Amino acid sequence: MIECKNITKVYKNGNTETIVLKGISFKINDGEFVAIMGPSGSGKSTLMHILGALDSPTKGEYFFNNKDVSSMTDNDLADIRRDKIGFVFQSYNLLPRTTVLRNVELPLMYAGVPAKEREERARASLISAGLSEDRWKHLSNQLSGGQMQRVAIARALVNNPSVILADEPTGNLDTKTGEIVLDTFQRLNKEYSRTIVLITHERYVAEHANRIIHILDGEIIEDEKNIKSRVVNYSE
Ligand SMILES: Nc1ncnc2c1ncn2[C@@H]1O[C@H](COP(=O)(O)OP(=O)(O)OP(=O)(O)O)[C@@H](O)[C@H]1O
Ligand SMILES: [Mg+2]
């Protein structure tokens, strides 16, 4: 469903050119849980922006559900982002002083979904993301980091996207809270067959996926398949 063919990304600032991605090729099938792992500055976020149709490659081709995204117009890219991709970021990006339910409903408001259906879908997403119902009427800034990240995951799910892209989703969390979030991704993958791409610089985090694509200085140096993924056991 995701296929990158020889993707290159070059940033130009005045006369200096920085080659950030140097010919990246890989495929991700529906239902996979893949980690993209590499040190700071290796090009992970740049790659995620391309995968998420937030940016275009300088050279190479990117196919999403067999469509060539690298040649799409900005409008088509915006449609793909809204309908097909769920984003989760390190910093949660929730609206403060707004309830959990409203935060999750937000993408559906932009999509023009009627109020009753919005709330039903937001509730279903919050259940999938594992946030207990006694928190749903709280304001988002009254939650713990792990709870906020689960709201962000619910929001990413609410449009029923083809893939969830998560860039360092545990970066702001302590180890235990990070595990709860990683467990959430594992459950979404196993129980709901969600395709997940998780970006991280930490081996320990990457090992929660089933496959680890290693990136260094803008190149794939290893593609580890059939990872025996770390199982999280937590109780709240
Ligand atoms: N707009 C830009 N213009 C020029 N260089 C850029 C731009 N954006 C990113 N870079 C450079 O591209 C390289 C890769 O950046 P990127 O954000 O993809 O790394 P990363 O792997 O996500 O790092 P981190 O783990 O720190 O988030 C860095 O050297 C960065 O300085
Ligand atoms: Mg980054």
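**Ligand 1, polar contacts**

I started at serine 40 and ligand 1: a polar side-chain atom of this serine sits 2.6 Å from an oxygen atom of the ligand. This is a predicted model, so I take the distance as a computed one. Next I looked at the glycines. For glycine 41, a backbone N or O atom is 2.8 Å from an oxygen atom of ligand 1. For glycine 43, a polar backbone atom lies 3.1 Å from an oxygen atom of the ligand. I also checked the cover: on its own, ligand 1 has 650 Å² of accessible area, and the protein covers 60% of that.

**Ligand 1, the shell**

Which residues surround ligand 1? I listed Tyr11, Asn13 and Val20, then Pro39, Ser40, Gly41, Ser42, Gly43, Lys44, Ser45 and Thr46. Sorted by class, I get seven polar residues, three nonpolar and one charged in this shell. Two elements, β1 (2–13) and α1 (44–51), each put at least two residues into the shell. The largest share is that of α1, with three residues.

**The largest pocket**

I then went to the largest pocket, with a volume of about 360 Å³. I noted 13 residues in its lining, and those nearest the centre are Arg81, Ile85, Phe87, Pro107 and Arg155. Which elements give two or more residues to this lining? I found α2 (74–84), β6 (85–89), α3 (100–110) and α5 (145–157). Of these, β6 gives the largest share, four residues. By class, I wrote down seven nonpolar residues, three polar and three charged for the lining.

Last, the backbone. I kept in mind that most residues other than glycine have a negative phi. I placed alanine 53 in the loop between α1 and β4 (59–64). Is alanine 53 buried or exposed? Its relative accessible area is 1%, so I put alanine 53 down as buried.

Glutamate 168 is another non-glycine residue with a positive phi, about 45°. I found glutamate 168 in the loop that runs between β7 (163–167) and α6 (175–192).

Note on methods: Residues numbered from 1 in each chain as written. Chains lettered and ligands numbered in written order. Predicted model: local features only at pLDDT ≥ 70, side-chain atom pairs only at ≥ 80, totals over all residues. Heavy atoms only, no water. Near = heavy atom within 4 Å. Polar contact = N/O pair within 3.5 Å; in protein donor to acceptor, adjacent residues only side chain to side chain. Areas by Shrake-Rupley, 256 points an atom, 1.4 Å probe, with all protein chains shown as cover. Nonpolar A, V, L, I, M, F, W, Y, C, P; charged D, E, K, R; others polar. 1 Å grid on protein atoms, 1.4 Å probe; cavity = no way out; pocket = protein on both sides within 12 Å on 5 of 7 lines; lining within 4 Å. Points joined across faces, edges and corners; volume = space filled by probe spheres on them. Buried < 20%, exposed > 50% of the residue type's maximum accessible area, 1.4 Å probe, protein only.
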